[in-house]
Amino acid sequence: MMTRRILLTVAVVMAAAVQALTGQTLYKPHLHVGGHAGMTLSQQSFNPSIEQKMLQGITMGASVTWAEERHVGLRAEVNLTQRGWHEDFTDTPEFSYTHRLTYIEVPLMTHIFFGSRRVKGFFNLGPQLCYMIGDNVDANFDYHDIKSIPGFPTVNRTTEQMSMEVTNRFDYGICGGAGMELTIKRKHCISLEARYYYGLGNIFPSSKKDYFNASRGSAIMVTLGYQFRLK
């Protein structure tokens, strides 16, 4: 039910943007291309839940922004992003486990902007498709044979996710963010954006016979970008 509501909300926003693009008085269109890079903080939403911390990673990519109206446009990106989770061993710091997932992401978002010619604020919102190209585990213990590890904290701890193989490389979800943009010259601008991604796909099997009902990813991304105006 929650997934349907989220998708419906995004559909309404996208429809409103398209209506705005086609139903208002046109002005000189803007076309920008650029690149961006920054950091991510991510985790996986497991059910049953696990003890975890946010995992830090990197993100970088290229973007195209088309604005045919004064305050509304469309933005498409192709990104390389690291996500995953970091197991929480606060009480037993001698153990360490990190599962890092690398994705190619393609968000298509409504781009809403406002402000002066030199300084603008903006919002981005839309769906995102992802494909996993990297899957790496970094641990200082044998997570395939946890029962044989002396002193390992197994009480009230879920450990199945440590040795399970990722079976679903495709992911999809909703992303939204806000930021500021500064025009240096007429065709050059830099931007700073904070964005949140909420994944709707599971990395592990999620049927009734499987251990996890959900294993969805989410991430906070902060990026610094540069754009060049082509038109």
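Predicted model: local features only at pLDDT ≥ 70, side-chain atom pairs only at ≥ 80, totals over all residues.

Me: In what pattern do the helices and strands follow one another along the sequence?

Reply: The protein contains two helices and nine strands. Read along the sequence, these elements follow the pattern α-β-β-β-β-β-β-α-β-β-β.

Me: What percentage of the residues is buried?

Reply: A residue counts as buried under 20% relative accessible area. The protein has 231 residues, and the buried share of them is 44%.

Me: Which strand gives the largest share of the nonpolar patch on the surface?

Reply: The patch has about 1,000 Å² of accessible area together, and its members include Ile58, Val78, Ile104, Leu129 and Phe170. Strands E3 (55-67), E4 (72-87), E5 (97-115), E6 (119-139) and E7 (170-185) each give two or more residues to this nonpolar patch. The largest share is three residues, and it comes from E6.

Me: Is Ile104 buried, partly exposed or exposed?

Reply: Ile104 lies in strand E5 and belongs to the nonpolar patch. Buried means under 20% relative accessible area and exposed means over 50%. Because its relative accessibility is 31%, Ile104 is partly exposed.

Me: How far apart in space are Ala76 and Val64, C-alpha to C-alpha?

Reply: Ala76 is found in strand E4. With a relative accessible area of 33%, Ala76 is partly exposed. Ala76 and Val64 are twelve residues apart in sequence, while their C-alpha to C-alpha distance is 5.4 Å.

Me: Which strand gives the most residues to the lining of the largest pocket?

Reply: The largest pocket holds about 640 Å³ of space. Of its 27 lining residues, the closest to the centre are His30, Ser116, Arg117, Lys120 and Arg229. Two or more lining residues come from each of strand E1 (30-47), E3, E5, E6, E7, strand E8 (188-202) and strand E9 (214-229). The greatest contribution is four residues, from E5.

Me: How many residues in the lining of the largest pocket are charged?

Reply: The lining of the largest pocket divides by class into six nonpolar residues and eleven polar ones, and its charged residues number ten.

Me: What is the volume of the largest cavity?

Reply: A cavity is space where a 1.4 Å probe fits but cannot get out. There are two cavities of 30 Å³ or more. The largest cavity has a volume of about 170 Å³.

Me: Which strand supplies the largest share of the lining of the largest cavity?

Reply: The largest cavity is lined by 18 residues, and those closest to its centre are His36, Glu77, Glu193, Arg195 and Thr223. By class, this lining has three nonpolar, ten polar and five charged residues. At least two residues come from each of E1, E3, E4, E8 and E9. The largest share, five residues, is supplied by E9.

Me: Which elements give two or more residues to the lining of the second largest cavity?

Reply: The second largest cavity has a volume of about 30 Å³. Its lining consists of Gln44, Arg83, Tyr103, Phe170, Asp171, Gly201, Asn202, Ile203 and Gly217. By class, these divide into three nonpolar, four polar and two charged residues. The elements that give two or more residues to this lining are E7 and E8.

Terms used
Residues numbered from 1 in each chain as written. Heavy atoms only, no water. Patch = residues over 30% accessible without salt bridge, like charges linked within 9 Å, V, L, I, M, F, W, Y side chains within 5 Å. Areas by Shrake-Rupley, 256 points an atom, 1.4 Å probe, with all protein chains shown as cover. Salt bridge = Lys/Arg side-chain N within 4 Å of Asp/Glu carboxyl O. Buried < 20%, exposed > 50% of the residue type's maximum accessible area, 1.4 Å probe, protein only. 1 Å grid on protein atoms, 1.4 Å probe; cavity = no way out; pocket = protein on both sides within 12 Å on 5 of 7 lines; lining within 4 Å. Points joined across faces, edges and corners; volume = space filled by probe spheres on them. Nonpolar A, V, L, I, M, F, W, Y, C, P; charged D, E, K, R; others polar.
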